[in-house]
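Dear colleague,

Please find below the sequence and the structure that I am handing over to you. My notes on what was found follow directly after them.

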Amino acid sequence: MLQKQKSIVYRKWFYLFIISFFVGTLFMNFGSERMLGENGIFNNEAMNRLKYLEVEEGKFFRYVLSKRLKDYFVFGLLSTTYLGIASAYLCVAWHGLLTGMAITAAVIRFGLKGILLILAGFFPQQLLFIPAGIMMISWCYQNCSYLYFPSRSVWPVQRVGKRQYTRHILLLCWIIGVVIIGCVLESYVNPLLITDMAKIF
């Protein structure tokens with residue numbers, strides 16, 4: 001029964017992401033004159049800076065780690081309120097919208113080469129951030145369900161509350177560990193790929 005409920009929730013998230021993605025592409029297409037102007041996304045000045053980008057990896061890592069963990073912390077706090085489930089859906093929609101806008105902007109600006117730029121920007125950290133993000137959304141959904149809406153739970157609920165909290169904490173620690181590794185890749189590996197890729201534009 002729980003597996004069926006989980007499949008239904010994941011399917012809803014998938015459809016919501018796809019719909020938001022297309023909304024993002026439409027939004028960027030209709031607003032391309034303003035958002036892709038001289039000061040818009042992927043403008044010439046920004047691309048020139050990327051070509052000669054020099055990153056202080058240590059400082060950049062601290063910035064990226066702080067930003068990522070802050071987002072996860074806020075999301076985790078929301079999961080302890082009645083807004084936890086709504087926040088999960090909103091997070092999926094927001095990422096779908098941003099992804100659609102970013103890919104569309106890159107393609108409008110650079111054609112098919114824009115896809116390469118997006119891939120360079122995503123790789124390799126998103127190989128960890130995407131599954132960690134999905135797990136965090138699921139964690140928040142389940143945490144809110146456990147606290148306020150038990151009938152909407154998609155994971156087994158332990159009869160002993162201590163075991164339930166232990167499981168939640170261990171899973172959260174695993175997610176944070178994956179995010180930290182992703183931040184290392186984003187700070188030390190991704191800038192090299194972005195700089196090399198920017199030179200072909």
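Of the 201 residues in the protein chain, 38% are buried. Please keep in mind that this is a predicted model. The chain exposes about 12300 Å² in total, and carbon and sulfur atoms supply 69% of that area.

The secondary structure consists of nine helices and zero strands, so that the pattern read along the sequence is α-α-α-α-α-α-α-α-α. Among the contacts with a separation of 6 or more, 82% are between residues 24 or more positions apart.

I turn next to the largest pocket. The space in it comes to about 2100 Å³. Its lining is made up of 49 residues, and those closest to the centre of the pocket are Arg68, His95, Leu98, Phe122 and Gln126. Seven elements are to be listed here as contributors of two or more residues each: helix H1 (2-30), helix H3 (44-51), helix H4 (57-78), helix H5 (84-110), helix H6 (113-122), helix H7 (126-148) and helix H9 (190-198). By residue class, the lining holds 35 nonpolar, eight polar and six charged residues.

Pro124 deserves a separate paragraph. This residue is found in the loop between H6 and H7, and the peptide bond that joins Phe123 to Pro124 is cis, with omega at about -5°. Is Pro124 buried or exposed? Its relative accessible area is 10%, and because buried means under 20%, Pro124 counts as buried. Beyond its neighbours within four places in sequence, Pro124 is in contact with Leu185, Val189, Asn190 and Leu193.

A polar atom of the Thr195 side chain lies 2.8 Å from the backbone oxygen of Pro191. Which residues does Thr195 touch, not counting those up to four places away in sequence? They are Leu50, Lys51 and Leu53.

Leu83 is placed in the loop between H4 and H5, and its relative accessibility of 52% is why it counts as exposed, the threshold being over 50%. The C-alpha atoms of Leu83 and Cys144 are 7.9 Å apart, although the two residues are 61 apart in sequence. Lys59 belongs to helix H4 and is likewise exposed, with a relative accessible area of 51%. Between the C-alpha atoms of Lys59 and Ser187 the separation is 8.9 Å, for residues that are 128 apart along the chain.

With kind regards

Technical notes:
Residues numbered from 1 in each chain as written. Predicted model: local features only at pLDDT ≥ 70, side-chain atom pairs only at ≥ 80, totals over all residues. Heavy atoms only, no water. Helix = DSSP H or I, 4+ residues; strand = E, 2+ residues; numbered from the N terminus. Buried < 20%, exposed > 50% of the residue type's maximum accessible area, 1.4 Å probe, protein only. Contact = heavy atoms within 4.5 Å. Areas by Shrake-Rupley, 256 points an atom, 1.4 Å probe, with all protein chains shown as cover. 1 Å grid on protein atoms, 1.4 Å probe; cavity = no way out; pocket = protein on both sides within 12 Å on 5 of 7 lines; lining within 4 Å. Points joined across faces, edges and corners; volume = space filled by probe spheres on them. Nonpolar A, V, L, I, M, F, W, Y, C, P; charged D, E, K, R; others polar. Polar contact = N/O pair within 3.5 Å; in protein donor to acceptor, adjacent residues only side chain to side chain.
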